[in-house]
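Hello,

Here is the structure I promised to pass on. Please look through it first, then read my notes below.

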Amino acid sequence: MEKREWEPITGAKLAGFGFGFGLFLLLVLRSEPGFVFLLDHANLLFHEAGHPLVGLFSSRLEPYGGTLGQLVFPCALAVSFWRRGHPLAVAGAAIWFFENWLNIARYMADARRLELPLVGGGEHDWNTIFSRWQVLQYDTHIAAVVRLAGWIGIAAVCAWVAWRAWQDRQRAAARANPAL
Ligand SMILES: [Zn+2]
């Protein structure tokens with residue numbers, strides 16, 4: 001599998017990534033839980049696009065389309081960067097993917113309360129889905145698990161970046177001093 005050349009993560013790039021990630025964290029922590037300014041506006045667009053797209057194929061699956069829509073785009077982006085061997089771009093897309101989980105968790109947690117303003121104006125996706133699955137009373141528990149999984153995903157992406165950067169440093173050191 002490891003045939004592709006990964007672009008090495010230099011110290012400067014790592015610093016840039018760390019700075020960007022710091023800003024992202026600040027934005028997430030300062031935002032209303034599960035709704036990050038701009039990022040979740042973009043997610044909402046993909047969400048709203050997902051419903052009718054899935055609806056074309058199955059009206060029964062349409063409630064899932066929104067969540068699917070907001071996950072598919074960052075996922076496709078991550079895959080495309082992965083194939084081109086850009087580790088930090090993969091990391092950025094993957095962090096965006098997992099940030100979506102926080103946003104999805106916010107929507108899930110609202111399944112019984114029905115307090116969030118719904119852009120589509122129609123059904124509440126997670127009220128519909130959880131009712132179908134007969135787990136509506138567990139909405140906040142499921143949301144908490146999804147939120148935690150999102151944070152674990154974000155942490156795992158950071159660990160992956162740190163691991164790659166460390167390996168790149170080792171390789172660079174070995175090249176500079178082949179005797180070691
Ligand atoms: Zn929706």
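Helices here are DSSP runs of H or I with at least four residues, numbered from the N terminus. Keep in mind that this is a predicted model.

Three protein residues donate to the zinc ion: His47 through NE2, His51 through NE2 and Asp125 through OD. His51 and Asp125 bring distant parts of the chain together. Asp125 belongs to helix α5 (residues 125–133), and the pair is 74 residues apart.

**Around His51**

Is His51 buried or exposed? The cut-off for buried is under 20% relative accessible area. His51 has 11%, so this residue is buried. Asp125 also counts as buried, because its relative accessibility is 5%.

Beyond its neighbours within four places in sequence, His51 touches Glu62, Pro63, Gly65, Gly66 and Asp125.

**Surface**

Which residues make the nonpolar surface patch? Phe19, Leu23 and Leu26 do, over about 340 Å². Phe19 is in helix α1, residues 11–30. Exposed means over 50% relative accessible area. Phe19 reaches 58%, so Phe19 is exposed.

Best regards

Definitions and conventions: Residues numbered from 1 in each chain as written. Predicted model: local features only at pLDDT ≥ 70, side-chain atom pairs only at ≥ 80, totals over all residues. Heavy atoms only, no water. Patch = residues over 30% accessible without salt bridge, like charges linked within 9 Å, V, L, I, M, F, W, Y side chains within 5 Å. Areas by Shrake-Rupley, 256 points an atom, 1.4 Å probe, with all protein chains shown as cover. Salt bridge = Lys/Arg side-chain N within 4 Å of Asp/Glu carboxyl O. Helix = DSSP H or I, 4+ residues; strand = E, 2+ residues; numbered from the N terminus. Buried < 20%, exposed > 50% of the residue type's maximum accessible area, 1.4 Å probe, protein only. Contact = heavy atoms within 4.5 Å. Donors = N, O, S within 2.8 Å, 3.2 Å for Na, K, Ca; no water.
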